[in-house]
Amino acid sequence: MSKIVVTGGLGFIGSNLIELLLEKNFYVINIDNCGYASSSYNFNQYNKIKNYKFIKVDLNNKSKVFKILKTHKPKGIFHLAASTHVDRSIENPIDFINNNILATYNLLESIREYSKINKKYKLIHVSTDEIYGDLVKGKASEISYINPSSPYAASKASSNHLVTSYVRTFKLNAVVTNSSNNYGPRQHPEKLIPKLIYNILHGKNLPIYGSGNNIREWIYVKDHCNALLKIFKKGKKGQIYNIGSGKLVSNLYLCKKILNLSRKKKILKKDIKIIHVKDRAGHDFRYSLNSLKLKTKIKWKNKTNLTNGLIKTLDWYFKNQNFFKEFKKSDITRRIG
């Protein structure tokens, strides 16, 4: 049974990835620092599973991370641990320097030591389309100009560069992925879609930044995780792969769609409204990815359309409302940044 380490496995994408890996009969070692966005809600069921192990550790603890790698000898390391909320990066950039840049550096150093005793491994460094910055038109490819707007995006761009430099200089076996906006089960309710769902379930109005015309490309998290697994199996050392669905919509369109689906499913407690609030500082207008390389070289394709993905997401949050209790109410409702 092949062993896989997932960093940040108590987070949104990490927890969905672990679910997929366990379904595929991998032995998963989940390492997480149990930060504010971590949730053990979905992992109580795994505690008694023989091929799952959780270890609390901060990636900046280089010696401990190396010891984990040396002990378990994983064939794959999926690096998803990160601070990800743009608003928080505006309010407190230093957390993003520590958690995204320094933690990635220390992980890379741990892997560099590990590579001296085990050459059979691959690192998948998971990043974001936000590194490319604002695109007025067209799509960003893997060789597009890096132009991050927020401290969050800049910290992720920096971590990407660290990984590719370690491939070049120290011959680490690693690939980098840049994904479009994810949505689905288990996402922290500070993010747009789960926050809208939280407000719908609690009879609150739905806040949208500015005009709501900002455009994002949305991918259902389980499709993203399937892409990551395929890249682990087929991705080439030193390569970068964009992961996108090709589905671009405005935030206002998305909000109206979620509201309409909630009405059809009779989730609404009362009639609520969309309200426009002060825009985010430095708010990028549009993201869009060219994912042709992934589709042609790795033979991956997006399977979940936006409507079906949103229905699945709504159903999960409706059936798992105790998930929201995992977080401080202020982390859900307070405007940050």
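Predicted model: local features only at pLDDT ≥ 70, side-chain atom pairs only at ≥ 80, totals over all residues.
Which strands and helices are included in what covers the buried residues of H6?

**View 1. Helix H6 and its covering elements.** The buried residues are Ile-193, Pro-194, Lys-195, Leu-196, Ile-197, Tyr-198, Asn-199, Ile-200 and Leu-201. Their cover includes strands S7 (181-183), S8 (206-209) and S9 (215-220). Helices H8 (251-264), H10 (306-319) and H11 (329-333) are also included in this cover. After H6 comes Gly-203, which has a positive phi, near 65 degrees.

**View 2. Lys-156, a buried lysine of helix H5.** Helix H5 (residues 151-170) contains Lys-156. Although Lys-156 is buried, it has no salt bridge. Glu-130, the nearest side chain of opposite charge, is 11 Å away. A polar atom of the Lys-156 side chain lies 3.0 Å from the backbone oxygen of Val-126. Leaving aside residues up to four places away in sequence, Lys-156 touches Ala-82, Asn-100, His-125, Val-126, Ser-127, Thr-128 and Ile-131.

View 3. A disulfide is a covalent bond between the sulfur atoms of two cysteines. With a cut-off of 2.5 Å between cysteine sulfur atoms, the count comes to 0 disulfides. For Cys-225, which is in no disulfide, the nearest cysteine sulfur is that of Cys-34, 19 Å away. Cys-225 is buried, with a relative accessible area of 2%. Cys-255 is buried, with a relative accessible area of 0%.

Terms used. Residues numbered from 1 in each chain as written. Heavy atoms only, no water. Buried < 20%, exposed > 50% of the residue type's maximum accessible area, 1.4 Å probe, protein only. Helix = DSSP H or I, 4+ residues; strand = E, 2+ residues; numbered from the N terminus. Lys, Arg positive; Asp, Glu negative; His and termini not counted. Salt bridge = Lys/Arg side-chain N within 4 Å of Asp/Glu carboxyl O. Polar contact = N/O pair within 3.5 Å; in protein donor to acceptor, adjacent residues only side chain to side chain. Contact = heavy atoms within 4.5 Å.
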